[in-house]
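User: I would like a close look at a single part of this model, with the cut-offs stated wherever a term is used.

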Amino acid sequence: MLKHGINTYKSDTSFTGTQTAESGIPYFIGAWPCHTAKGYTGVPQLALNFSEAQELGGYSNEWRDAGGAPKWSLCQAMYSHFRLYGMSPAVFCNVFDPAKHKTAVSDETIAVVSFVAVLPFETINDDSLIVKTAADGEALVKDKDYEVYYTDNDCRIELLEDGTGYSAISLVVSYNKADTSAITAEEIEAAIESVEMCLSTVGIVPDLLCAPGWSSNPTVAAVMAAKATSINGLFRAKAVVDLDTSAKGADEYSKVLEYKNANGYTSEDMIVCWPLVRNGDYIFDMSVAVCGLIAKIDTGNDGCPYESPSNKELAITGTLTAGGVEIALSLPQADVISVTDGVVTAINNSGWVLWGNYTGCWPKSSDVAKYFICTNRTQDWICNTFVKTFWSSIDKPLTPVLRDAIVNSFNLWLNGLTAEGKLYGGEIVYIADNNSASELVNGRFRLDTSSASPVPAQQIDMYAEYSVDMLVSVMNG
């Protein structure tokens, strides 16, 4: 309708505010005792603290079985990440399925003390649980004659005062028992793929993949690295993996490089760790400690991963092999592992610190954007931020306004990082020669970004010289 006079209108701003990608968020794959809690199997679950994680998956200190194989491996991750490093959030994927990974126990006689019979923590409280006062007796009724609950160490059957069998001195119990030894590497590999579900289920795309107790299997580590290159076909991450420290693997520092190369721990998308670490009596795969440390550093830098985790304090009290042999590396030995081998380790230099700046591709790669952990992760972060920010631009009209809005807003963000010292510099541009007519008519256009993030100051040299002139000046006035 025609209006006589002056009219004003507010148009959409041709600028997009940058949505910074999350950084330092781990995706832990393994098993936790969900039969004691309310969590799920094979589905990403977000936890903000230890209590939430315990509510979802339960908790046990048995992170490994008697033979050293992974048992409730997610529990060491939640303990390390939330309690030792105080970081949040973390995403967990549990592979333990109480309906699948189990063994049957029949007619086990359990003593009753103060109306309570104590069963193993692995007892599964499902329909297979049958409680009798005698092998040939009638089954007692759950929640009428008895109730079942878990403590930190066991499963308990408590006889109810008004129920049948209240005065029994023993019970005959049949049940299914959790059997984590039935979990296979193939199931862990399949669970790694479930990181694809994180965006839709928990609204976060983790950038650290960690499978404590399992990534020392070279096949599992390779699957982790392959997935790290492309999550949802859009996002990039790093696989934080461990080398085997048993007698079959690298049980001393001189074997690290040979084992690493022979077993394919050579990807630019791997942060390779050696050996195991301890905090008091608790023994951890180093990968979970590295995830906690990286998260702590990134958080201190407003989520930007430009700073190396090397020479930063670890919440550990020692290092050791799977055979329990304590390791005390000298600085030259640690340099062999970190600089020569491209593996991160730990040294005690007036306090335990992580030692090593390189991804798994070192020393074979000569690309600074790939071989330093911090430069590699910063490149990933820049790419992830671009995807997250401009995904909403997909299928909008392809116009100079759209192009310039993307270029201007991303350049402003890069300039801000440069001013903060997190980049040496960065720029995104539209180059006409890189955008042919055939590409444009198919709705595709290309932008080119160049950036440089700080490299770690690995070596600082100071040359000392005795000054005879100073001596003469003092003595002769």
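Predicted model: local features only at pLDDT ≥ 70, side-chain atom pairs only at ≥ 80, totals over all residues.

Analyst: Residues are numbered from 1 along each chain as its sequence is written, and side-chain values use heavy atoms, with hydrogens and water left out.

Met-462 is exposed, its relative accessible area being 69% (buried means under 20%, exposed over 50%, and partly exposed in between, with a 1.4 Å probe and protein chains only). Met-462 belongs to the loop between β21 (448-452) and α13 (468-476), where helices (H or I, at least four residues) and strands (E, at least two) are DSSP runs numbered from the N terminus. Its C-alpha atom is separated by 28 Å from that of Glu-420, 42 residues apart along the chain.

Turning to the rings, the count comes to 24 aromatic pairs (ring centres of Phe, Tyr and Trp, the last by its six-membered ring, within 6.5 Å; planes under 30 degrees apart are stacked, over 60 edge-to-face, and the rest tilted). Among them is the tilted pair of Tyr-430 and Phe-445, with 6.4 Å centre to centre and 50 degrees between the planes. This pair links distant parts of the chain, 15 residues apart, with Tyr-430 in the loop between β20 (425-429) and α12 (437-440) and Phe-445 in the loop between α12 and β21. Tyr-430 is partly exposed at 27% relative accessibility, and Phe-445 is partly exposed at 26%.

Arg-403 lies over the face of Tyr-430, 4.9 Å from the ring centre (NZ of Lys or CZ of Arg within 6 Å of the centre and within 35 degrees of the ring normal).
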